[in-house]
Amino acid sequence: MDLGTGLLAIGAGLAVGLAALATGWAQARIGSAGAGALTEKPELFGSILIMLALPETLVILGFAVAAMIILLLKAGA
Amino acid sequence: MTKVQIIGSKGKLEATLRALQRLGTVEIKDVTEHGPALVLPRMTLDQAVLAQREEIGLLVTRLESLGALLPPLAKTADLSRLYEEASLKSTEELVAEARRVLSEAGPRAQSLALRRDELEAEQASLTRYHATLRRVMPLAAGIPELGGYETVALLIERRSSGVLDLIRQQLNALTGDHFEINAQHVDQETTAAIVVFPREQSAQVNALLGRENISQLRLPKELAGVSFKEALATMAARLAAIPGEIERVREELRRLGEEWALWLALLRAALGDRLRGIEVVGQVGTTRYAFVLVGWMARRDLGALKEALAAAVGPQVLVGELDLSREEMKRAPVALANPRPVRPFEFLVALVALPRYGALDPTPLMALFMPLFFGLILGDVAYGALLLIFTVLLLRRYRQGPLRSLSQVMIVCGLWSVVFGFLFGEFLGSFGYRAFGLKPLWMERSGETLMSLLVFAVAVGVAHVMLGLVLGIWEAVQARSRRELSERLGKFIALIALFWLLAIVAERLPRELSTPAVVALIVGVALLSAPMGWLGGILGPIEALGALGNVLSYLRLAAIGLSSFYLAEVANQLYGMATNAAVGAIVAVLLHALNLALGIVSSTIQSLRLHYVEFFTKFYDSGGEPFRPFKQSGV
């Protein structure tokens, strides 16, 4: 495996890893605020579930970028 | 839905309300909220009715307290008939009956419940004393019982046991060697000590122990002054007797429950209905001689309402429909009416908000797509089958409520998981292939087929989001809303143009088609931007890209499914790597169980999210108020 391939693989890892960190950070903040809101208004469950699931798009897009890099690697191999 | 106006002479109001409550098809609204077409003052309750309301409220609370003391009511076949009979009684009869029940059953139930609580508290306290005393008994056994001497037991943390030497010195000074201390480690953390000293020194010794902050083992008051040995024997005898006493008290409560619980529940429900009947009077409009009541109801129930009121009250009550504008109709309460197989999905829609009256109910679409997405993500024959078994057990346990609806939803999800399991050829990952040659009917999920999986997920996204936009366009046409029509149509065209351009870049379509694609994109963005005014130039393109983001969000169908497959593979490989087959099997089973649990939770949440965020936002007009008819509460 040459240096370029290795760097691409690290890039793929970073794409999904950093996106997952960002998602986790956002979900932690939304989750803690949502849990507080739910104790007072349980009827907000659906809305809070949506808000909690919103940042997951970040990691999904990170995954899409990582998948594209991996496919690029395979095409080059 | 239709809004009705019920008018009658004031003397017939109570009978009318009783009939409406028994029928349970009308949601009574405050007459003053109807608007300028019907300006009437609300009916006020006179002193006698206010006093009756207060008394009924108090009786219902007392009946509820008494019901809580008795065992739960066993379901009887003729419960609804008995409830109907109780409902036919006059309010005065019900009040008198409630007073009688409370005076006859109340004191007996309260004294029995009190006795049961006392016995349980005594049992808990004696169990604690007994356990502690048993630990110090070996020390006490070596000490003779002497008249004129007092014995105390001490429990000291082992790390502070040096304090015993200090006590020994001080007792020596106090009693002049007329004392005995016997100490021993009773467990890893505690040292127990028995101290015997002359009774006349009791006050000084207790003061000393208090000063040194040492806790004494104090016996219950009734055993004070008794030797440890006697106390232990008494406690053991009492602990043996208490369960029998508690059981006898419970048996008496059970008998009392058999005698009274049914009648109590019936009275509670019937009086609760009367209370709501009185409270609703405050929403009724009044003239000098008549009452005017307005409320929402399903139009199909109108005929039955007229017949029921004519039979129960007579011709002095008139029912008529009110003419309402389109805006007023939007405020109508909502009752979802779906076919039976779709009904369990209604609560998933209501989790966000009910649709506004007259808007499209997305429940049937959710019933179609949500389990499909779930199966696409989980996609494993074994996991799907296990989910089916689990939900069948839940269905047998829960006969009603949200958990039953959720179980019914999960049954469909489990079936789709099995179907996609066969399509992907997965049974605990690739275990099915290696164990009995299960091959995919469509394509396997792995790194090799990643591109195909991603393309498929995006294709599903395009179809789902486009369907949402088409429904949105239809809704906008129905509502004659140009603004919404322009936005949704623009988004629809822009999305098609964007994918068109992507296909040209990926060399799936000829380059010659790029000009019409760019034109379509410009038209789409222009339509999208138009209703936004001067901000449209910035927000329009962002909205168009947002729609593309919505479609790409469906990549999660492939991504999460693939991660579930790889976790199953890790479990299988750990089994293969283990030197001990049993240990390998346990690890694999635990990991598969974890994967199944994660798979069920994440597949549910992700499929719901795709609906709530990506799909509903294209057409769903939420904000409906649930239809809450004025009805009997039932037992």
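The legends below describe close-up views of a predicted model.

Residues are numbered from 1 along each chain as its sequence is written, and chains are lettered from A in the order in which they are written. Local features need pLDDT of at least 70 and side-chain atom pairs pLDDT 80 or more, while totals for chains, interfaces and linings use all residues; side-chain values use heavy atoms, without hydrogens and water.

**View 1. The contact between chain A and chain B.** Chain A gives 16 residues to the contact and chain B gives 18, where contact means heavy atoms within 4.5 Å. About 1,500 Å² is buried between the two chains, 76% of it on carbon and sulfur atoms; buried area is the accessible area (1.4 Å probe) lost on putting two parts together, summed over both. A:I50, A:I60 and A:F63 supply 31% of the area that chain A buries against chain B, more than any other three residues.

**View 2. A salt bridge across the interface.** The rule finds one salt bridge between chain A and chain B, defined as a side-chain nitrogen of Lys or Arg within 4 Å of a carboxyl oxygen of Asp or Glu. B:R556 pairs with A:E56, their closest N and O atoms being 3.5 Å apart. On the side of chain A that touches chain B, α2 (45-53) and α3 each supply at least two residues. The largest share of that side, nine residues, comes from α3(A). Helices here are DSSP runs (H or I, at least four residues), numbered from the N terminus.

**View 3. A salt bridge within chain B.** The side chains of B:R250 and B:E120 meet in a salt bridge at 2.5 Å, N to O. B:R250 lies in helix α7 (residues 228-281) and B:E120 in helix α4 (residues 91-141), 130 residues apart. The whole structure has 27 salt bridges over all chains.

**View 4. The largest pocket.** This pocket holds about 810 Å³ of space, a volume being the space filled by probe spheres set on grid points joined across faces, edges and corners. A pocket is an open set of points on a 1 Å grid over the protein atoms alone, where a 1.4 Å probe fits, with protein on both sides within 12 Å along at least five of seven lines; lining residues have an atom within 4 Å of a point. Of the 20 lining residues, B:M451, B:V455, B:V458, B:L502 and B:A506 lie nearest the centre.
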